[in-house]
Amino acid sequence: MIAGDLERIDILVSGGGIAGLITAAAFGAQGFSTLCVDPAPPVTEEGSEGADLRTTAFLAPSVALLRRIGLWDRLLPHATPLQVMRIVDAGGAQPVARLTRDFNASEIGDQPFGWNLPNWLLRREISAPLAEMANVRFQPGTGTAGVLARDEGAIVTLTDGRRVRSRLLVGADGRDSPVRQALGIGVRTFRYGQKALAFAVTHEQPHKNISTEVHRSGGPFTLVPLPDRDGKPCSAIVWMENGRQVARLAALPPDAFEVELNARSAGVLGHLTLATRLTQWPIISQIADRFTGPRTALIAEAAHVVPPIGAQGLNMSLADLSALLDLSGDEPGDPAGLAAYDRARRPEAYARLLGIDALNRASQASIRPLRDLRAAALGGLYGIAPVRRLMMRAGLGMR
């Protein structure tokens with residue numbers, strides 16, 4: 001069954017997004033021979049076509065993992081600390097802030113909640129050191145064409161015709177994961193009729209390392225701190241709205257778009273000026289029916305997808321990776337280790353998905369009484385200090 005031209009390696013990572021690149025670096029740092037493939041090369045310049053203009057806030061547990069695998073010192077010089085998570089309700093008759101509540105990291109520790117970096121920059125800074133690791137190969141332009149997963153190994157056919165047998169196949173290949181589909185693993189999907197606009201702005205007032213979510217209707221409008229740009233304070237924005245509204249906004253001339261942008265921001269950082277082009281992203285929640293198959297583990301969006309609320313998405317992905325590393329030991333792909341990984345991660349991911357789903361649906365409220373109820377709930381929960389601290393710890397993934 002096994003042809004003579006079959007290449008043997010320890011770890012095959014299908015997917016060269018941020019989670020896949022970090023996975024390759026992590027297993028490589030543990031001494032395993034690792035191959036990471038992706039059909040498309042990473043776009044590593046902000047102005048290039050296809051650049052991912054979203055940002056990622058690495059929360060404290062993710063920073064600990066990045067330190068463990070030797071990547072954090074490379075990323076830290078580009079990162080902006082997130083000291084305060086600010087929630088603003090602007091759901092009154094006019095789009096102005098009527099309730100503001102700050103969740104300050106100093107209440108639960110001496111470190112910021114996390115550190116924010118642009119996704120295009122992350123791809124650049126993580127893919128570069130892979131080239132320096134003797135036991136790691138990153139081969140963009142090559143994808144996964146077929147998978148034959150058996151207890152003795154996962155045989156993967158690549159799009160360039162090569163066949164590779166790996167002790168562990170990691171599916172980090174997105175919400176439409178070819179690996180997951182090849183294994184016949186189904187998904188449960190929650191749809192919201194939403195899309196997100198992602199872009200960067202400069203603004204009049206400094207952000208003071210505060211990440212701000214403005215709630216009115218349609219979904220959160222989130223401003224995340226970035227380093228200054230051309231001498232001006234700068235933030236990344238993720239603006240979630242229903243699909244028709246996003247299409248209308250994206251079609252506006254720049255001047256008209258800025259008018260709508262500033263109305264939606266409720267003036268929280270003064271006047272906002274568009275600094276990059278707009279990119280659009282569909283919003284869903286999704287979870288795989290299981291996170292493993294023979295010699296195979298699903299992580300990141302191959303396993304779960306959540307709306308961009310509370311900086312949960314990639315941090316859940318790195319929690320997957322951390323658990324997979326811990327449970328793999330010296331025998332990656334071992335059935336007992338994979339079973340333990342599924343038991344550890346799927347219930348946690350599903351519970352977090354349901355919580356984010358509820359928050360997103362609340363943020364979509366367009367009827368005034370529901371918006372008033374949302375504001376009252378925020379004010380009430382925030383006012384109870386133990387509950388406030390519990391919410392912050394839960395958001396970080398801390399026990």
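A cavity is a set of points, on a 1 Å grid over the protein atoms alone, where a 1.4 Å probe fits but cannot get out; lining residues have an atom within 4 Å of a point. Grid points are joined across faces, edges and corners, and a volume is the space filled by probe spheres set on the points.

The model on display is predicted: local features need pLDDT of at least 70, side-chain atom pairs count only at pLDDT 80 or more, and totals for chains, interfaces and linings use all residues. Residues are numbered from 1 along each chain as its sequence is written, and side-chain values use heavy atoms, with hydrogens and water left out.

**Stop 1: the cavity**

A search of the whole structure finds 1 cavity of 30 Å³ or more. The largest cavity holds about 40 Å³ of space. Select L324, L327, S328, E331, G333, D334, G337, L338 and Y341, which line the largest cavity. The elements giving two or more residues to this lining are α8 (313-328) and α9 (335-363). Helices are DSSP runs (H or I, at least four residues), numbered from the N terminus.

**Stop 2: α8 and α9**

Next, select these two helices. α8 and α9 pack at an angle of about 165 degrees, with their axes 9 Å apart. Axes are lines fitted to C-alpha atoms, for helices over the stretch in contact, and angles run from 0 to 180 degrees between N-to-C directions. The angle therefore makes α8 roughly antiparallel to α9 (over 145 degrees; under 35 counts as roughly parallel). On the α8 side, the contact (heavy atoms within 4.5 Å) is made by M316, A319, D320, A323, L324 and L327, while the residues of α9 include G337, L338 and Y341.

**Stop 3**

**Stop 4: α1 and α4**

Finally, select α1 (residues 18-29) with α4 (residues 119-130), which pack at an angle of about 25 degrees with their axes 10 Å apart. α1 and α4 are therefore roughly parallel to each other. Here I18, L21, I22, A24 and A25 in α1 meet N119, L122, R123, I126, S127 and L130 in α4.

Terms used
Parallel < 35°, antiparallel > 145°, perpendicular 65-115°, else oblique. 1 Å grid on protein atoms, 1.4 Å probe; cavity = no way out; pocket = protein on both sides within 12 Å on 5 of 7 lines; lining within 4 Å.
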